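Could you walk me through this model in the viewer? I would like to know what to select at each stop and what I will find there.

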Amino acid sequence: MSRNTGPHLAFIKLFFKKNGFLFFNLNTIFENKHHKTISQTTVDYTGLNYFLFFILKKSNKYQITKKYRKKKGIIGDSGEYSPKSNGECSEKINEVSPVKCAFAIFDADFFNDTKIAEIEQGATELNIPISRANRKLVASVNGGLHDPSYLVFNPGWGNEQVQSKTKRFSCPSLSGIQRPEGEEDIAFMTVLELGELIKTKQITSEELTQIFLHRLKRYNLVLEAVVTYTEELAYKQAKEADEMLARGIYLGPLHGIPYGLKDIISVPQYKTTWGSKTFKDQVLDIEASVYKKLKSAGAVLVAKLATGSLAYDDIWFGGRTRNPWNIEEYSTGSSSGPAASTSAGMVPFAIGSETCGSITYPAARCGVTALRPTFGAVGRTGVMSISESLDKIGPFCRSAADCTIILDAILGKDPDDPSSKDISLDDPFSVDITNLTVGYLDDAEMEVVRILESKGVKMVPFKLNYTVSHVQGILNFTMDVDMLAHFDEWQRSGEDDFYEAQDQWPVELRRARMIPAVDYVQAQRARGKLIREIRESFTVDAFIGNATDWEKVCLGNLVGMPVLIIPTGFTKISSPPPDGSRRRTTITTGIYAPPNHDHVALALAMAYQSVTKHHKQRPPIDDLGPNDFIVDSISTPDYLSSQAIPCLEGSVSSGSAVTM
């Protein structure tokens, strides 16, 4: 890349200044332009000289003729770009309005000189002062925790009236559940089974808390799935749960059950790091809505679990979270800690979030059952925001029945989240699936289709029909602009330079700075068209399909559609050691339902899991195979460099690990 910038940089920065964001350095400006604009052209030019030429070339109304450009050295005899000295470049820049030329970046190079002058004056006198006033008012703090947008997205289809939730689900009563002898067996019991042990006083909440804290510390050294152990709080909540039960007060199936929260969910007095080194010491005096509801249900918080930095993928300031089923690979998706911890039996359940794929991908990779609920079903107060029209909170569990129990506890209107609502779901435990017609896509797992058909469900081939061809583009415009609004100060202050993965949020948010408001609104109109087409095409009660197909992930999030991810089998890893390995690749599928019909997906998944055991399998963390030594190749993350990684067959001392 050319570093001979001179007036070229002045030209570009002048444009940025006139639009109120003169805070990008040379590398940032060039990276953003090269990443999107230059890479899309067939001409192989590099450096800012080309950037200037590109803008001039894109403008249909610039004042320099081709003959004059040849004379001045802008182009050669062949018509190709031919830069000369910086002095000559300065002369050329003065010939052309920077604002006019730079409008090519916005695909808006159609204004004449008079209109350009009006735009420049209006932006200087009106737009920039208003923008600065707005930022000062609502954008000085990162994360989108305060002052939510009142442009509320409603995923409801047509004139469907959603009634308020008035009653809880009818939790099934389990009889004859006995406490296993070994802690390993206890760790892999479902929430319903553990709840029965507590209710019948075969185990105390304090005992359960000790078991899961022990497992968290033991396996985290390899999986890198825990940010903070909330040990003091956990034992306090567990003790209260036991004392209440002793007084005859039972709060329900989550009474005394340990769990973990993705570390974008705030809990007072504990760090909420958002997975980022920039915020790793952040303590928010906010009690997240979802945490409040779980606390009221008697659940016990044992850990804040890893999230990809600023909820992007699985890289965070403490390492990169691994997949318990194959610890050579990573868990993918920003809800990496909740997925890995649930899969490894480190918690009975965990709470994660999804904007686009952060529940579906890690759940599929780690082989757990997880629900991405209808948009707005679960309140998000106290949760770091990426996009107020895309963010959703959902559970990672061992079974669909457990997901149902957790959803019942966290479902409902959050008074401080304008997008949340009370929705009246039918009781998933009472749905008569024989009355359902369920479609299956070409990529559906046919075992699921056959089993549901044997249960009396009418199964039919199915395909979603829609004409919108750039679903991912609509999602990117929506997500990136919304995210930038919540992390405007982060970018302006240059803190994005310290982000863990420079090819992720930093590049995307710089590019988002160049998305005009009118094009953002057009993207939302295109989103509305997509929603209408999906609604008309959704002629079944639910459908079965690949849970991690990128088009479906983007589409499902844009339209607010719930999906339940369930494990359906396992295959051998690719390129195993010569003598084999017990590591596995998980096979999963998704059960999709229309918005506000999460109960349908849950009921179908419970029917499938009632006759299968894929969801009951345990990952081989302790026993990879006699000649599989992948553990030895995993290096200790920097933040744990002072601690010894134990042999996984051994035990860990009961002392607290470092809290971050």
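A contact here means heavy atoms within 4.5 Å. Keep that in mind for the helix stop below. Note also that this is a predicted model.

**The whole chain.** Start with everything shown: the protein has 660 residues, and 58% of them are buried. Colour by secondary structure and you will see 22 helices and 15 strands. Of the contacts between residues at least 6 apart in sequence, 75% join residues at least 24 apart.

**Two helices.** Next, select residues 400-410, helix α15, together with residues 598-609, helix α22; their axes are 8 Å apart and the packing angle is about 150°. That makes the two helices, α15 and α22, roughly antiparallel. Now show side chains: Ala400, Ala401, Cys403, Thr404 and Leu407 of α15 meet Asp598, Leu602, Ala605, Met606 and Gln609 of α22. By class, this contact has seven nonpolar, two polar and one charged residues.

**Aromatic rings.** The structure holds 15 aromatic pairs. Pick Tyr312 and Trp505, an edge-to-face pair with 4.9 Å centre to centre and 85° between the planes. Tyr312 sits in the loop between β3 and β4, while Trp505 belongs to helix α19, 193 residues apart. Trp505 is buried, at a relative accessible area of 1%.

Move on to Phe543 and Tyr592: their ring centres lie 4.7 Å apart with planes at 10°, so this pair is stacked. Phe543 is in strand β13 and Tyr592 in strand β15, so the pair ties together parts 49 residues apart in sequence. Both Phe543 and Tyr592 are buried.

**Last stop.** Select Trp274, Phe279, Phe487, Trp490 and Tyr499, which ring pairs link into a cluster.

How values were computed:
Residues numbered from 1 in each chain as written. Predicted model: local features only at pLDDT ≥ 70, side-chain atom pairs only at ≥ 80, totals over all residues. Heavy atoms only, no water. Helix = DSSP H or I, 4+ residues; strand = E, 2+ residues; numbered from the N terminus. Buried < 20%, exposed > 50% of the residue type's maximum accessible area, 1.4 Å probe, protein only. Axes fitted to C-alpha atoms, helices over the stretch in contact; angles between N-to-C directions. Parallel < 35°, antiparallel > 145°, perpendicular 65-115°, else oblique. Nonpolar A, V, L, I, M, F, W, Y, C, P; charged D, E, K, R; others polar. Phe/Tyr/Trp six-rings, centres within 6.5 Å; stacked < 30°, edge-to-face > 60°.
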